[in-house]
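Please look through the following structure step by step.

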Amino acid sequence: MSLNVLKQKLKIALIQVAAGGPDKNANLSRAGSFIARAMKEQPDTQLVVLPECFNSVYATDQFRKNAEVVGPDSQSFQFLSRAAREHKVTLVGGSIPELEPSTDRIFNTCLIFDSAGELIGRHRKMHLFDVDIPDGITFRESDTLSGGSSSTTISRSFGSFGVGICYDIRFPELAMISARRDAFAMIYPSAFNTVTGPMHWHLLARSRSVDNEIYTILCSPARVPGGGYQAYGHSLVVDPQGNVIAEAGEGEEIVYAELDPESIAKMRRSVPVTTQRRFDVYKDVSSDAK
Ligand SMILES: NC(=O)CCC(=O)C(=O)O
């Protein structure tokens, strides 16, 4: 695995916005104003990340109602493409409910745009959030969603990054696959909650970083007290050593960070697990990985 997976220092912004209400126009407009604010406060930002389900309510009985057929005619596609183009940034567009008309299935989908507003990637959440925690939370995305079936690694001039959505972070294989494709980071638009957030949010992010000696980036919606699903907040960036280098609170906030190639190189020089793997003993975890 290369030491030079990130080609330059990279400034990023995570948009922790309260944009999961029932009015899609209002959600898009609020997200747009936060992106504009981020670009004003940190004009040399090159990568912006939005949260999971940022354009509509995160609830199993709402996904179909809000689903869009992804393409240049869809409202959220147009919004994301325009924002990326206008601000000349790579935009990891959170996630939106997507309708696949040929199968009538709904996916939880992240669209990624380049700085010219062109769609350069689409990740469909692979692992659906189906949990039943006594006295905690019961949620079954699979009641209305289907899972995607491929991992996503996006290649840019500054380097490559992997994309997963929220619950995908619990499955380390996805991060490994992208890391073995020389990704410098895993980016997860997410919406943990007030039960599993305190349990595992930081632990999972730090684990994915340390496993692979990469950056891990989680972007959550802001918490809206009294609303339905209570998002955890705490959007954060973890460095390749496993340190949290930037973190939001629970409310609306923009998290800024600068990623440094030397941080990856230093970690890999010091603790070279990326070159010490024993594939002669354990076969690679996935034929999808390098
Ligand atoms: N939206 C989600 O996938 C939530 C995942 C979550 O909270 C978890 O604990 O995992």
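**The sheet and its neighbours**

In this predicted model, strand E12 (residues 215-219) and strand E13 (residues 236-238) are paired in the antiparallel sense over 3 bridges. Within this pairing, Ile217 has Val237 of E13 as its bridge partner. Helix H5 (residues 196-212) packs on the sheet, where it touches strand E11 (183-189), E12, E13 and E14. The direction of H5 makes about 150 degrees with that of E12.

Strands of a sheet pair through backbone hydrogen bonds, and the pairing is either parallel or antiparallel. Here the sheet is open and has 6 strands, in the order E9-E10-E11-E12-E13-E14, with mixed pairing. Strand E9 (152-156) and strand E14 (244-247) are the edge strands, since each pairs on one side only. On average, neighbouring strands of this sheet are turned by 20 degrees against each other, direction ignored.

Next comes a pair of helices. The axes of helix H1 (residues 24-41) and helix H3 (residues 75-87) come within 11 Å and cross at roughly 15 degrees. Angles under 35 degrees count as roughly parallel, and H1 and H3 are therefore roughly parallel to each other. The crossing in which H1 passes H3 is right-handed. On the H1 side the contact is made by Lys24, Leu28, Gly32, Ile35 and Met39, and on the H3 side by Gln75, Ser76, Phe79, Ala83 and His87. By type, the residues of this contact divide into 5 nonpolar, 4 polar and 1 charged.

Around the ligand are Glu52, Phe129, Cys166, Tyr167, Arg170, Ala191, Phe192, Asn193, Thr196 and His200. This shell divides into 5 nonpolar, 3 polar and 2 charged residues.

Conventions. Residues are numbered from 1 along each chain as its sequence is written. This is a predicted model: local features need pLDDT of at least 70, side-chain atom pairs count only at pLDDT 80 or more; totals for chains, interfaces and linings use all residues. A residue is near a molecule or strand if its C-beta atom, placed from the backbone, lies within 6 Å of it. Ala, Val, Leu, Ile, Met, Phe, Trp, Tyr, Cys and Pro count as nonpolar, Asp, Glu, Lys and Arg as charged, and the others, Gly among them, as polar. Axes are lines fitted to C-alpha atoms, for helices over the stretch in contact, and angles run from 0 to 180 degrees between N-to-C directions. Helices (H or I, at least four residues) and strands (E, at least two) are DSSP runs, numbered from the N terminus. Angles under 35 degrees count as roughly parallel, over 145 as roughly antiparallel, 65 to 115 as roughly perpendicular and the rest as oblique. A crossing is left-handed if the near helix is turned anticlockwise from the far one by less than a right angle, and right-handed if clockwise. Two residues are in contact if their C-beta atoms, placed from the backbone, lie within 7 Å. Two strands pair if DSSP finds at least two bridges between them.
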